[in-house]
Amino acid sequence: AARATPAAAAAPDPAAHTPPVLPPDVPQYFVPARAVGPVRYQPRVFCAGTVQFADTRLGVNETRSVGVLAVPVDGPQPIDWQAVTTTDIALGDLDPNPDAGAGFDPLPAVAARAKSYAGWGKEFARWLFATQTLDLLKDAESGLVSAPGESERDFRIRLQQSLRERRDAAAEKLRQKYSPKLNSATERLRKAEQAVSREQEQAAGSMWEAGATLVGALFGNRRLTTAAGGAGRVLRQRSDVGRAKENVEALEQQIQDLDTQLQAELAALDATTDAAQRPLSALSLTPKKTNVSVQRVVLAWVPAGEGQ
């Protein structure tokens with residue numbers, strides 16, 4: 001009978017072990033796994049900082065939090081800052097303890113030294129200063145600037161509202177500018193129309209009187225010279241009526257011209273309120289070195305496939 005052979009021992013998983021023991025001055029944290037199942041951690045350098053963009057002329061004062069993950073390697077360039085990735089992981093998301101039974105990839109020796117993190121903090125500050133910008137849009141004519149994070153569509157909607165408000169204010173100023181002239185011309189027109197009525201009444205009276213005088217002269221009641229004088233007054237009254245009517249027409253034309261000018265200027269204001277067609281200029285604000293701040297640079301164990 002064949003001898004039974006003992007069962008072969010299971011080969012140990014080199015990745016299944018506790019996290020490496022590090023000096024106490026090397027901060028070590030763990031990123032919670034998002035997926036369900038066994039976790040295998042990979043070493044990353046997590047850098048967190050803030051960048052302030054301030055421009056009093058534009059009315060901008062924005063502080064941005066920035067987090068990045070970098071892959072540490074043993075070599076002349078332990079971190080390739082051209083290859084770091086931004087992350088939405090925040091300092092408050094980091095856990096001081098790993099998942100139970102998690103595996104760990106090897107840790108480069110450079111990442112086990114505290115002085116490495118001090119140097120990486122300075123490099124991170126330089127990286128922030130060199131790469132972070134605040135991109136905005138500006139309407140040159142009105143001077144309105146988009147808010148940080150505001151899309152072009154939302155900015156144009158806000159610009160449209162602002163332009164309408166400015167148009168309404170400008171239109172009100174125009175109406176106030178033309179109002180005294182229109183009111184004055186309207187008052188003069190009212191008096192001129194009254195003058196026409198008065199002259200017409202006087203002309204009618206003179207005509208009636210002249211007619212009566214002429215009839216009296218024909219029948220011997222009055223002299224013909226008196227009748228001729230009455231006829232002259234009729235002609236003068238008719239001339240006065242004509243001049244009064246001409247004055248009314250001139251004032252009516254003046255009022256129409258003023259209104260035409262006002263409407264033309266109002267229409268010109270309307271042409272400036274179409275925000276969809278206005279050209280926008282791009283602004284790119286950069287921070288001052290004094291407005292760049294490094295909060296923490298730590299060793300972060302990241303679940304494989306997450307946040308890389």
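1. Let me start with the strand pairing. β2 and strand β8 (residues 292-303) run antiparallel and are joined by eleven bridges. Strands here are DSSP runs of E, at least two residues long, while helices are runs of H or I of at least four, and both are numbered from the N terminus. Two strands count as paired if DSSP finds at least two bridges between them. Within this pairing, phenylalanine 46 sits opposite valine 298 of β8.

2. A word on provenance before going further. This is a predicted model, in which local features need pLDDT of at least 70, side-chain atom pairs count only at pLDDT 80 or more, and totals for chains, interfaces and linings use all residues. Residues are numbered from 1 along each chain as its sequence is written, and side-chain values use heavy atoms, with hydrogens and water left out.

3. Back to β2 and its other partners. With strand β3 (residues 60-70), β2 pairs antiparallel over eleven bridges, and alanine 54 has asparagine 61 of β3 as its bridge partner. The two strands make a hairpin with four residues between them, and glycine 59 in the turn has a positive phi of about 70°.

4. How covered is β2 (residues 40-55)? Mostly: 13 of its 16 residues are buried. Buried means under 20% relative accessible area, exposed means over 50%, and partly exposed lies in between (1.4 Å probe, protein chains only). For the chain as a whole, 36% of the 308 residues count as buried.

5. Have a look at aspartate 55, which is found in strand β2. Aspartate 55 is buried yet has no salt bridge, and the nearest side chain of opposite charge, arginine 57, is 4.1 Å away. For charges, Lys and Arg count as positive and Asp and Glu as negative, with His and the chain ends not counted. A salt bridge needs a side-chain nitrogen of Lys or Arg within 4 Å of a carboxyl oxygen of Asp or Glu. The side chain of aspartate 55 does reach the backbone nitrogen of leucine 58 at 3.0 Å. Leaving aside neighbours within four places in sequence, aspartate 55 is in contact (heavy atoms within 4.5 Å) with Val60 and Leu285.

6. Arginine 40 is partly exposed at 35% relative accessibility, whereas aspartate 105 is buried at 19%.

7. The whole structure has nine. One of them links arginine 158 to glutamate 150, with the closest N and O atoms 2.8 Å apart; arginine 158 is partly exposed at 33%. Arginine 167 and aspartate 168 form another, at 3.7 Å, N to O. In that pair, arginine 167 is buried at 19% and aspartate 168 is partly exposed at 47%. Shared partners also join Asp139, Glu141 and Arg278 into one salt-bridge network.

8. Finally, the overall layout. The chain has three helices and eight strands, in the order β-β-β-β-β-α-β-α-α-β-β along the sequence. Among contacts between residues at least 6 apart in sequence, 77% join residues at least 24 apart.

Terms used: Polar contact = N/O pair within 3.5 Å; in protein donor to acceptor, adjacent residues only side chain to side chain.
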